[in-house]
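Welcome! Take a moment to look over the chain, and then let us walk through a few of its features together.

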Amino acid sequence: MEVLKEKVEEEEAAEREAEAERAEKGEKMVRPLEVRKEETTMTPEMLRDLEKKLSDIEIAVPEKPLTITKDTVDIFKLPWSYRSNTPKEEHLLQVADNFSCQYSHLCPDRVPLFLYPLNECEVPKFVSTTLRPTLMPYPELYNWDSCAQFVADFLAMEPLSDPLKPTVQEKEVAPPKKYAVKPPRDLTSRFEQEQEMKKQEEIKAEEEKRLREEEERLQEAENANIDPLHGLRVHSWVLVLSGKREVPESFFIDPFTAHSYSTQDNHFLGIESLWNHKNYWVNMQDCWNCCKDLVFDLGDPVRWEYMLLGTDKPHLSMTEEDEDGLNDDDDGLNDDDDVENLGKEEEDKSFDMPHSWVEQIEISPEAFETRCPNGKKVIQYKRAKVEKWAPYLNSNGLMCRLSTYEDLECTKILEIKEWYKNREDMLELKHINKVTGLNIDYFKPGHPQALRVHSYMSMQPERDRIMEFYETARVDGLIKREETAKTMTEYYQGRPDFLSYRHVIFGPRVKKFTMNSAESNPRPMVKITERFFRNPAKPAEEDVEERVFLILEERIQLRYHCRKDHITASKREFLRRTEVDSKGNKIIMTPEMCISFEVEPMEHTKKLLYQYEAMIQLKNEEKLSRHQVWESELEVLEILKLLEEEEEAHTLKISIYDTKRNEKSKEYRETMERVMHEEHLRQVEAQLDYLAPFLAQLPPGEKLTRWQAMHLKDECLSDFKQRLIDKANLIQARFEKETQELQKKQQWYQENQVTLTAEDEDLYLSYCSQAMFRIRILEQRLNRHKELAPLKYLALEEKLYKDPRLVELLKVFA
């Protein structure tokens, strides 16, 4: 209250000074636009009454901080700004307390303001000082949608039993373990067990019926009842104002879902206050129509009451008419004096926001990639559950899973959707319907077989399935292939032969003792139907639209495209049976072997030669079609085998720039580091003084004699020779040890060869392979050492003779 009294006295003194100056000058003064209410001179009696009223105001403060769970935090490890307040922050808290008292006095029916909650160290902090704008080095955080999604992944909403009274979770205590007694023999009657099972099934059916009725009743009650807490729940969200960064209009962001909403949305019932890192505003507008009629002009003091009067507060948005009127009114005023007086008045009332007490946020690349806490997040919805994972956390590349349930308890799954990322097989989405058993896999471009969608009930061949392909990535232009146990249908586009459709009907397979498959025992083809697009290079009466091969009946049916000025199309049917005349001669072609219907008959089509050539061409095309169908069956088997292998391996793609996970890049980097280290060691070894250990044995500062020089040379060469011998002995010992161990292992294998399992044999063969590799390496190292040892000895001897400390003394012996 002392702060309020001082401010009122300062305002009264400033008003008296301003009145005196205006009386001396004899000029009229116009109040500035920032003055919100007409001020009156307050007498000491009025001031005492106001102070008494403000002291009697009681502000509802919660007994306990609104916390759901309280994490164990060592406050002594936190910075000093977390555990205490600076003098400027204490002054800000007093200003906030004064502002809260005046607000409660003017608006007694509204809820208390959220101004200075307790932080993790139980220290009150003003809400605006908890915000610290920070520029992060990740481009994904520069846009509001990706930034909001990043924040939403870290937040987890936990619904409370009472949303108005949060409770602290209690630790569950596990029940103590007890010893179990071995049960006696089962002597009950089987008939009684069957009767009991029937009784339990009836009870279960009644229970399911009761639960179903209860669920229906709850659903009806949920649809009929009105939420008793409607409008009482408190929620915080983000408001993005228009004007900057090309934001056309203001909108809301829900921090838990990262979804954006218009300010006209019915879900937002009202706004109590707004704040950022600079100021705090209280909404003075009526929210009877939710937030639809709110004007988000924070520079308007009538609609938004600000707490701190600073120079960086938003300016009032005015129309062109208001600006023109303001300019006209200011023509006859003394602008310089008004601005000077106004600046003095605002200098006394302004208060800058203290610096934020929180540390600058730092997000490591690993934490940014992990997104969710511990890399996993579970969101429970009504009859649905969403699970999210960080990239590369699951070995199969699973990123998100959406499970839909039938009941409210989420026990009966209806369908599952799984999203994948970084898969080598380009799998993007897997849709599993638990009711129908239908599985649908979606692939991104880049699959080895250009597969786009795969719908199936079972991965076994010759079952119901639909495969869709990226036609631009295939040479044959295949778009979709539908397969059942007896049929196969293919759709094409963009082929040079204008083929658009192929339908194959299979007959029963001939039984064989070997396994039936499309490769060893293909299904017999009964009928092949092919359709073609219109070929503009041919006349319509010669361009085939549909071609049917009746293989068992040995017939070929053709239907041509219909001309635009005709209502029917020409048809032709060939009988390709091999007939014999009365003399036993083979009949090649007869007029009865070709039945045709032509809209406009032509002479050359009636000739047997034309019909014979057409039939020969159709026979060749039938062989080609049957071969293509056989290749399609093999392709289906190949795709199914490839999908099974990919599902078992589920190899993930790793970028070449991801040096942490890319094994090849990691091995290359380690190899380069090892080479550089070896080169460094060679350089260091070359710079070593090989005479230092021997020169240290002589008295310091004494000049070498010829006899001492010879002694040093001999000792150095003798020591180097012994080192070469020791190295050769060490390699020889390791070689003999590996050989003996391999011989023992081989002897063990010979003794236990009959009783070994396949796994033991694999382990034995793997050991032998590794042992032989080590023995071969040791043998190579030993031979190389024997070759290089004399050369190294001669090189050291030459260095000793050329050493500047010994060269003058060893000239006679060189």
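Rings of Phe, Tyr and Trp (its six-membered ring) form a pair if their centres lie within 6.5 Å; planes under 30 degrees apart count as stacked, over 60 as edge-to-face and the rest as tilted. Searching the whole structure in this way turns up 16 aromatic pairs. In one of them, Phe150 and Phe154, the ring centres are 5.3 Å apart and the planes stand at 65°, so the pair is edge-to-face. Both residues belong to helix H5 (residues 144-154), where they sit 4 residues apart, about one turn of the helix. Helices (H or I, at least four residues) and strands (E, at least two) are DSSP runs, numbered from the N terminus.

How covered are these rings? Buried means under 20% relative accessible area, exposed over 50%, and partly exposed in between (1.4 Å probe, protein chains only). Phe150 is buried at 7%, while Phe154 is partly exposed at 37%.

Now move on to Trp237 and Phe252: their ring centres are 5.7 Å apart with planes at 75°, so this pair is edge-to-face. Trp237 lies in the loop between helix H6 (190-224) and strand S1 (238-240) and Phe252 in strand S2 (residues 251-253), so the pair ties together parts that are 15 residues apart in sequence. Phe252 is buried, with a relative accessible area of 0%, whereas Trp237 is partly exposed at 24%. Together with Tyr261, Phe268, Phe296 and Trp304, Trp237 and Phe252 form one aromatic cluster.

A word on reading all this: residues are numbered from 1 along each chain as its sequence is written. The model is predicted, so local features need pLDDT of at least 70 and side-chain atom pairs count only at pLDDT 80 or more, while totals for chains, interfaces and linings use all residues, and side-chain values use heavy atoms, leaving out hydrogens and water.
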